[in-house]
Amino acid sequence: NEYKSYLRMLDSVKNFFFASPEPYCGRHTDSFCYLSIKDRHPVTLTKVIDQVYRLGSHNAELSEDSKRIAASLSRLKNRLQTDKEVEELEGSAEDLKIWNKRLKSLNPKTWFSAPWLVVECYLYRYIHEVLQANPHFAYPKFDIFREEKNEGLTKSMGSMSQIGDLLQTLPSPTKPHIENFLKLSLWGNKTDLSLLKHFHLELSDVQDMTDADKNDSKILTDHLHRIIDFLDGLNNAQVDIVLDNAGYELFSDLCLAEVLLRTGKVKKVKFHMKAMPWFVSDVTDPDLKHMISELSDSSSDSLRTLGSSWEGRLSDGSFTATDHAFWTSPYGFKDMVAVSRDLYDELARADVLIFKGDLNYRKLVNDRRWAYDTDFQTALEGFHPTNIVTLRTIKCDAIAGCADASRVTSIMKEDRDSLFNGSYALISCNF
């Protein structure tokens, strides 16, 4: 432990004296973030505007509110597409203080020149604030993305039932079982509703994952066996999972947690969710509750059993679930100590942190233009509350810790879309 602390200290000194690369932004026209700001984000806003209009047209009580919301979001869309400055957020929510502090610090401040991590998070935080100002559209009673998330869950029931049947017949889990469910959780991350339509994919295209080994060649960084050995050495441990997508991915994460508890080496799994609707399909507390309810009412015996079991685990404390405003802030994780020390200290109490998905990975490496073979620990820039694992299917440019950088470069040249649609993955750790 002293040696590891010494290495982290050296890494911090290196980061102090040697400037980190700049973050991705829309000026980088060869990047996926440029395409996202130019194409994907306006589409997201258009869909929200259309849904709000539709709700208002079918309910006279909502008509005026829907028009105000649509006007505000249309204005935002215009400012985005014409590369205007990102404006401070208005409202009384407590997290807006840290939001506006970050927005004031931007230089430059326009949509295509400010860090993509900031402006993409801003898009969803702005949508939320506009909706919250109108009681009929306020969360948690209303979630603008709930219909999409629930539809995704319904379409996933067949795949989930297969995995549920597999889990039901599982004996006391061994290392190979842990490996399989880590991979299921990894590839479950492909089901990102905000990206499927951009790449003209259906849920069925990304959920044929019951053969957990078939995609091994597409894992560009693979610390899997180091992670399995680490998990096997735990005793009476707490594992925290920072969640990404609702629906199928959430189910795969719950299955992984179940397997870890059944080993007898883990006593508690804590899930970290978003405090508001986020990036279309990110998990919120109502999403988790809806998942458990749907499983408990399923026609599948294995899913009903799991639903009942997981409801019991949430009651007895072997599963816990929480949210925090930092997860929906514009900051990378290196800033967590300064911005939300309470969350950092909470994470430090875990024996291992498993970060799921693309956005969490981007925040871990602060969405910078790292060389692909940059050491993962270096890219974390001092963030190390405890032992860290990442399970991420790649959906944007930010990559670090990949020893074979030439392979990433080759894929980027030959089949660029496959590097952004979740076809490739990273399994990284920092112990």
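**A walk through the model**

Leaving aside neighbours up to four places away in sequence, L186 touches I219, L391, R392, T393, A425, L426 and I427. Please keep in mind throughout that this is a predicted model.

Where does L186 lie? The residue belongs to helix α7. Is L186 buried or exposed? L186 counts as buried, because its relative accessibility is 0% and the limit for that word is under 20%. One of its contacts deserves a second look. L186 and I427 are 241 residues apart along the chain, while their C-alpha atoms are separated by 8.0 Å.

Let us turn to a charged residue. E120 is found in helix α5, which covers residues 116-132. With a relative accessible area of 2%, E120 is buried. Which residues does E120 touch, not counting those up to four places away in sequence? They are R40, H41, F279 and R362. For H41, the separation from E120 is 79 residues along the chain and 7.9 Å between C-alpha atoms.

For a contrasting case, consider T169. T169 sits in the loop between α6 (146-168) and α7 (175-188). T169 is exposed, with a relative accessible area of 63%. How far apart in space are T169 and P330, C-alpha to C-alpha? The distance is 43 Å, and the two are 161 residues apart in sequence.

**A pair of helices**

I now come to helix α11, residues 248-262, and helix α12, residues 285-296. Helix α11 has 15 residues. From its first C-alpha to its last, α11 reaches 21 Å, close to the 21 Å expected at 1.5 Å a residue. Of those 15 residues, 14 are buried, so α11 is largely enclosed by the rest of the structure. Just after this helix, G264 takes a positive phi of about 85°.

How do α11 and α12 meet? Their axes come within 11 Å and cross at roughly 80°. That angle makes α11 roughly perpendicular to α12, because values from 65 to 115 degrees are given that description. On the α11 side, the contact is made by L250, F251 and L254. On the α12 side, the residues are D287, L288, M291 and L295. Sorted by class, this contact has 6 nonpolar residues, no polar ones and 1 charged.

Most residues other than glycine have a negative phi, and most peptide bonds are trans. With that in mind, I will point out four places along the backbone.

N107 and P108 are joined by a cis peptide bond, with omega about 0°. P108 is placed in the loop between α4 (96-105) and α5. A cis bond also leads from Y139 to P140, and here omega is near 10°. P140 lies in the loop between α5 and α6.

The other two concern phi. D83 has a phi near 55°, a positive value in a residue other than glycine. Its place is in the loop between α3 (63-81) and α4. D83 counts as partly exposed, at 30% relative accessibility. E381 likewise is not a glycine, and its phi is positive, about 55°. E381 is found in the loop between α17 (376-379) and β6 (387-393). Is E381 buried or exposed? With a relative accessible area of 15%, E381 is buried.

**The cysteines**

My last topic is disulfides.

The reasoning rests on a cut-off, because a disulfide is counted for sulfur atoms within 2.5 Å. For C429, the closest cysteine sulfur is in C402, and the distance of 14 Å is again too far.

Both cysteines are also buried: C402 has 1% relative accessibility, and C429 has 6%.

Thank you for your attention. I would be glad to return to any of these places on the screen.

Technical notes: Residues are numbered from 1 along each chain as its sequence is written. This is a predicted model: local features need pLDDT of at least 70, side-chain atom pairs count only at pLDDT 80 or more; totals for chains, interfaces and linings use all residues. Side-chain values use heavy atoms; hydrogens and water are left out. Buried means under 20% relative accessible area, exposed over 50%, partly exposed in between (1.4 Å probe, protein chains only). Axes are lines fitted to C-alpha atoms, for helices over the stretch in contact, and angles run from 0 to 180 degrees between N-to-C directions. Helices (H or I, at least four residues) and strands (E, at least two) are DSSP runs, numbered from the N terminus. Angles under 35 degrees count as roughly parallel, over 145 as roughly antiparallel, 65 to 115 as roughly perpendicular and the rest as oblique. Contact means heavy atoms within 4.5 Å. Ala, Val, Leu, Ile, Met, Phe, Trp, Tyr, Cys and Pro count as nonpolar, Asp, Glu, Lys and Arg as charged, and the others, Gly among them, as polar. The expected span of a helix is 1.5 Å times one less than its number of residues.
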